[in-house]
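Please read the following briefing alongside the sequence and the coordinates.

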Amino acid sequence: MDVAIVGIGMHPFGRHEGVSGRQQGAHAVREALKDAGVSWTDVQFAVGGSHAAGDADSLVSDLGLTALPFVNVSNGCATGGSSLIMADSLIRSGAHDLGIVVGFDKHPRGAFDTDPASLGIGSWYGETGLMLTTQFFGMKAQRYLHDHGISRSALAKVAAKAYYNGSLNPNAWRRVPLGEEEINASAMLSHPLTQYMFCSPGEGGVALVLCRADLARKYTDKPVYLRSAVLRSRLFGSFEVFSPWLAVERAESPSEQASRAAFEAAGIGPAEVDLAQVQDTDSGTEISHLAECGLCKHGEQEELLRTGATRVGGSLPVNTDGGCIANGEPIGASGLRQIHENVVQLRGAAGVRQVPGEPKVAFSHVYGAPGVSACTVVTT
Amino acid sequence: MTKSRLIDDGLFIQTDDGPRLVGSSCRSCGTTTFPRQESCPKCTRVDMADSTLPRRGTLWSFTVQGFRPKPPYAGPAEFVPYGVGYVELRGAVIVEAVLTENDPERLHIGDEMELVLRPLRRDEDGTEVLTFAFAPAR
């Protein structure tokens, strides 16, 4: 039993004074229901989560008390991806025909302040100033650029592309294009990464209506099929965020593991991908994740950036909606935003940022603490 | 004389040369962790012994923390950017630590580094709280 995405909805990302995260989630659900032409009472099950804005299942108070099973997912940055995997399994198994996935969040300004104890790390780690995701991304970029001979100028190119794509996306938070010079000149947060090379914790909501593939035409004339959705945690020897120590030996990252499994399950290779959304917590990770996900070779990224291959009109458009850098990162919604964008693009409905040539295969990848990755392949 | 204490006694072991970092080493597969842990994340066995970590190593990667972190960060009231890095301790384990150097132009992957203790803050009674850091080796 294959699974189709037949409705998508989003609350714009950004900062929304006076609007709760839950309200943004409920808005996204209503938009997705409208898009699929169904009502809340038609929904047989729901799966969703937020990191910091309340329990997703409490949305039934606003959407309607219909007794449907609603499962909360709390899986850090992979909350959206994990929710989707749950929903996919519930339909694929034959348990349900139609369900909804929702993710939303609302974070305070500034870097995330995670409690070390929640990850089994001593309080010394936070007190001495090591409990920052931004440090990991700085050190990952430092090591990656060093190992693969990529120059620091590549970092500003990634961010400039993100802000440009964001300027073409009415749902994006950052909608003003920024030049490489301005990006390089912004505050140095975690060398070699400046402020404008990072995404910020933000707000937003996304929902997707999913159904049995054989029923999809009932709801839409442009169904998008979920070919695979895969989640992986760390292997011994990988280099991940919030690690007080690393093994001397290196192993594949969760992104490498999850992407390979997602392509295998879909029966589609990375070379067939028409566009991709990859986790760009910062410019450095867009660069490393492209290769970790098999979309290019390690070290090839600088040439891709120089020739504009990853721009909307290029041979491998990446983060066409502006990615995390231009949209911010409301943790519960972020992974679903990527799938929302892939569906918009495969429907040919992305307007001025539409990938040309009627794209048919789209890939998405999220990465987050403490070393998890979720990847999906969707097709027309 | 100023009183001082280590930030977390569990991270250190006293030796004739002063405090050293201590981790756990798996009796079965030889994997070393830092800090100590009860079980081996590589072979999954629960058979770990204390392992005093080497004092010196090489810089594996680094960054400079450019803004004051939110709590639970408990550094000095006046914020000074600080280096952070991973130091590979002679084939044993790669440890994350504050670096004494905060100028990225003076740090390079592969640099020789050595363990030092340095003050982080003071307790209410004036006791100096010491944490571990790595300094470019002389």
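Helix 5 (residues 133-148) of chain A has 16 residues and spans 22 Å from its first C-alpha to its last, close to the 22 Å expected at 1.5 Å a residue, where the expected span is 1.5 Å times one less than the number of residues. Helices (H or I, at least four residues) and strands (E, at least two) are DSSP runs, numbered from the N terminus. This is a predicted model, in which local features need pLDDT of at least 70 and side-chain atom pairs count only at pLDDT 80 or more, while totals for chains, interfaces and linings use all residues. Residues are numbered from 1 along each chain as its sequence is written, and chains are lettered from A and ligands numbered from 1 in the order in which they are written.

- The buried residues of the helix include Thr133(A), Phe136(A), Phe137(A), Met139(A), Lys140(A), Tyr144(A) and Leu145(A).
- Within chain A, the buried residues of helix 5 pack against helix 6 (153-167), strand 5, strand 6 and helix 9 (283-292), and in chain B they pack against strand 6 and strand 7.
- Just after helix 5 of chain A comes Gly149(A), which takes a positive phi of about 60°.

**Strand 8 of chain A and its partners**

- Strand 8 (residues 224-232) of chain A is mostly covered, since eight of its nine residues are buried.
- Strand 8 of chain A pairs in the antiparallel sense with strand 1 (residues 3-14) of chain A over three bridges, and Val3(A) stands opposite Leu226(A) in strand 8; two strands are said to pair if DSSP finds at least two bridges between them.
- Strand 12 (residues 372-379) of chain A also runs antiparallel to strand 8 of chain A, and seven bridges join the two, with Leu231(A) standing opposite Ala374(A) in strand 12.

**Chain B**

- Chain B has zero helices and ten strands.
- With 138 residues, a compact globule would have a radius of gyration near 14 Å, and the 16 Å of chain B agrees with this; the radius is taken over C-alpha atoms, and the globule rule is 2.2 Å times the number of residues to the power 0.38.
- Along the principal axes, the C-alpha atoms of chain B fill a box of roughly 45 × 40 × 30 Å, and buried residues make up 38% of the 138 residues in this chain.
- Among contacts in chain B between residues at least 6 apart in sequence, 51% join residues at least 24 apart, a contact being two residues whose C-beta atoms, placed from the backbone, lie within 7 Å.

**Where the two chains meet**

- In chain B, 36 residues are in contact with 29 residues of chain A, and strand 6 (56-65), strand 7 (82-89) and strand 8 (93-99) of chain B each supply at least two residues of the side that touches chain A.
- The residues of that side of chain B divide into 23 nonpolar, eight polar and five charged, where Ala, Val, Leu, Ile, Met, Phe, Trp, Tyr, Cys and Pro count as nonpolar, Asp, Glu, Lys and Arg as charged, and the others, Gly among them, as polar.
- Strand 9 (residues 245-246) of chain A runs antiparallel to strand 8 of chain B, to which two bridges join it, and the bridge partner of Trp245(A) in strand 8 of chain B is Val95(B).
- Gly122(A) is found in the loop between strand 4 (98-106) and helix 4 (123-127) of chain A; leaving aside its neighbours within four places in sequence, Gly122(A) is in contact with Pro116(A), Asp8(B) and Pro35(B).
- With 15 C-beta neighbours inside 10 Å, Gly122(A) counts as partly exposed.

**Backbone details in the loops of chain A**

- The peptide bond from His191(A) to Pro192(A) is cis, with omega near 5°, and Pro192(A) is found in the loop between strand 5 (188-190) and strand 6 (193-194) of chain A.
- A cis peptide bond also joins Ala369(A) and Pro370(A), with omega about -5°, and Pro370(A) lies in the loop between strand 11 (361-368) and strand 12 of chain A.
- Ala67(A) has a positive phi of about 70° although it is not a glycine, and Ala67(A) is exposed, with 7 other C-beta atoms within 10 Å.

Terms used: Buried ≥ 20, exposed ≤ 12 C-beta atoms within 10 Å, placed from the backbone.
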